[in-house]
Amino acid sequence: MKKLFNLLLFLFISSFTFSEIILDVNNSDPSINEPISLQVKFLDSDKKDYTIDGIENFKIASKGSQSSYSIVNGKSTSSKSDIYTLIPLKEGNFTLKVNGKKETSNSININVAKEAKVNVEGKMTLQDNLKEKNTFYFGQKIPFEEKLLTTVPLRNLQYIDRPNFGDLSVKDITPVNNRGGYTEKYFTDENGRRGLEVILYQGILQANSSGDKSIKGGYAAVTESGPNDSFVFGNTSTPVYLGSKEMELTILPLPSGKPAGFQDVVGELKEDYSWNNDKVKFGESVVLTLKLSGDVNLDMLEKVVSNNIPDFNVFESSKESGEKIVNGQYYTEKTFDIAFIPKVTGKVTIPAIKIPYFDTAEKKYKEFEVPAKAIEVTGTANGAVIPPAMTTAAVTAPSAPAEKIAISSIPDSQIEEINKADNRLMIGVIILALLEAGIIIFLILDRKILKNSSNPKLKQMKKAKDDKEFYNLYCELMKEKFDFSPKAHLEDKLVKNGASEKIIELNRDIEKKIYAFESLDRNEILKTLKKELKG
C-alpha cells in the first residue's frame, strides 16, 4: 500500500515537473518591418489563456497552430505550438516571455535595428494621396485613398491592417469589382513599363473639431511571383511589408465674419445654371436648374432660396450624385430644381439668389450669385383677365339711390306672415351657428390631439424606404427642434439648445452607426424620439 502511494505521488509531481512552455524565435536581430517567426511550444501543458509579455512592440501579421503526440519507451509526450509571424514596429531591445495558467516560459531578447531600406522603387509601392503634414478647414471634406502600384506580377496581396483615422468621422467608399474584390487597372510608368494599380481603400474623412489630428495608413504584405513558384511547393519569394505611414492633419477653424445666410458650405465651389423660360402664362412655373459641384461639402446646403418672395410661390427639389475621389481629390455634385410660380401677371422680377460659402483655395468668404431674372406673366385666373396693375378706382362703381319702401302700405296679415317667417329663419340661423361652433371646437381639439400625439416628421420617418431617407428626415427633425444639424454641428450645440440626455445619447448612437455603415434600429429610434419630444 505504501509503494502504491509513493508511485501515485511520483506521478503527481512528475505532471508538474515535466510540463513546460518553450519560446523560440528564428531571428533575434531583425530590422523594423522585417518579419520574424515566433514559436510558443507547450509540452504536456495547456496552451489556453496565455499572454506574451512584450508582444505589444510587434505587429502580429499571422498566427498558426500545430500539435503532435508521441510515445518513446512507454512515455507519452504531447506538444502543442502556436506560430506567430511578427513585424517589429520600432527600434530597441525587447524581452518576450509567455505566462501560462501555471507555468512561464523562458525569456528571449530581440534586438530590433533601424529599418533596412529595401529598394522597391519601380517594383512595388503603397501610395497614399495625403502628405505627411496636411492642413484643412473645419467642415472641409478630406479624401483619403490608398493604392498599391506594382510593375511585377504578384503571388499574394494581404491587407493586414486597414487605415486608422483616430477621432475623425469616416465614410468608406472603397470600390469593389463584380466579385467583391479590389478594383484594378493598368498603367504605364515614365520608363514605359506596364504596371498594375490596385485600390485598397477610399474614404471621405471629416473632422469633428478643430486642432491637430493624426491618422495612420494601412499595412499590406505583398509577395512577388517567383520563377519557381508552384501549386505543390508554394511560393519561393518572401513577402514585402508596406505601409503604416503616419500623417498629421491640422484642422483650422473658420475665420470670423461669417456672411448672412451662411450654411457652413466649405470648399471650392463650381456652378452652372439655366432658366427654362422668361415668358409664362399665369399658373405656370419658371424653373431655375442650378448645378453645383467641386471639392465642397454640398450636403450642408439644404436650401437655396431662404427668403420669401412676395410675388411668387417657390418650390425646391434637389438631387445628389454621390461622393467620389478623382485623382486624389474630393468631388461631388448636387443639382437643384427651383420652381417659381407667379402670383401676379405682368412684368415681374425674380430677385438675385446668393449662396455664401468659404473658399478654401482663396481662404476667404465668397458669394455665388444667380442674377435677378425678369419674366413676363400673361393669362387669366378663374376665367377673369387679371390686369397687370389694378387700382381701387378701377373697381368702384357709382352707387344708385336706395329705394324707399313704405311700411304703411303693407297689410297687417302680411306683416304677421313675415314675423313668423323671421322667427323660423332666426331659429335656423341659431341651429346653424351651434353646429358651426361644434365643428370648430372639434377641429381645434382634433388638431391639438394630433399635434401632441405625433410630429409630422416622425410619420415621414416611419414611412422611409431605407436608412438614408430615414437619416435625412432625422436631420431635418433635429434642425427643426434644436437648430442642430448632425452632419455639421458639434454636440455642444445640441446641449446648449436644451436637448435631453436621451436625445444626446441617441444622436451619438445614430452618428456612430451611420459612419460605420451599420443598420439603424428605426423602431427604437422613433420610440425614443416620440417619448423625448412629447409635448
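## Ground rules and overview

Since this is a predicted model, local features need pLDDT of at least 70 and side-chain atom pairs count only at pLDDT 80 or more, while totals for chains, interfaces and linings use all residues. Residues are numbered from 1 along each chain as its sequence is written, and side-chain values use heavy atoms, with hydrogens and water left out.

The protein has 7 helices and 29 strands; these are DSSP runs numbered from the N terminus, with helices being H or I of at least four residues and strands E of at least two. Of its 535 residues, 35% count as buried, where buried means under 20% relative accessible area, exposed over 50% and partly exposed in between (1.4 Å probe, protein chains only). Take the contacts (heavy atoms within 4.5 Å) with a separation of 6 or more: residues 24 or more positions apart account for 68% of them.

## The two cores

A nonpolar core here is a set of buried Ala, Val, Leu, Ile, Met, Phe, Trp, Tyr and Cys residues joined through side-chain atoms within 4.5 Å. The largest one has 27 residues, and L290, L292, V304, F340 and F368 have the most contacts inside it. Several strands supply at least two residues each, among them strand 19 (266-275), strand 23 (329-342) and strand 26 (364-370). Strand 21 gives the most, with 5 residues.

Now look at F368. Leaving aside neighbours within four places in sequence, F368 touches L269, E271, Y273, L290, L292, I353, K354, I355 and Y357. There is also a second, separate core of 25 residues, which includes V170, L205, I215 and I251.

## Rings

The structure holds 13 aromatic pairs. Rings of Phe, Tyr and Trp (its six-membered ring) pair if their centres lie within 6.5 Å; planes under 30 degrees apart count as stacked, over 60 as edge-to-face and the rest as tilted. F42 and Y50 make a tilted pair, 5.1 Å centre to centre with 55° between the planes, and both residues are buried. Y219 and Y241 are stacked instead, at 6.1 Å centre to centre and 20° between the planes. Y219 sits in strand 16 (residues 219-224) and Y241 in strand 17 (residues 240-243), so this pair ties together parts 22 residues apart in sequence. Y219 and Y241 are buried too.

Elsewhere, Y137, F262, F358 and Y365 form one aromatic cluster. R194 lies over the face of Y186, 4.2 Å from the ring centre; the test for a charge over a ring is NZ of Lys or CZ of Arg within 6 Å of the ring centre and within 35 degrees of the ring normal.

## G243

G243 also belongs to strand 17. With 34% relative accessibility, G243 counts as partly exposed. Apart from neighbours within four places in sequence, G243 is in contact with L126, G218 and Y219.

## Helix 4

Helix 4 (residues 467-482) has 16 residues and should span 22 Å at 1.5 Å a residue, which agrees with end C-alpha atoms 22 Å apart. The expected span is 1.5 Å times one less than the number of residues. Its buried residues include F470, Y471, L473 and Y474.

At the start of helix 4, a side-chain oxygen of D466 comes to within 3.3 Å of the backbone nitrogen of K468. After helix 4 comes D483, with a positive phi near 50°.

Key: A polar contact is a pair of N or O atoms within 3.5 Å; within protein, one must be able to donate a hydrogen and the other to accept it, and residues adjacent in sequence count only if both atoms are side-chain atoms.
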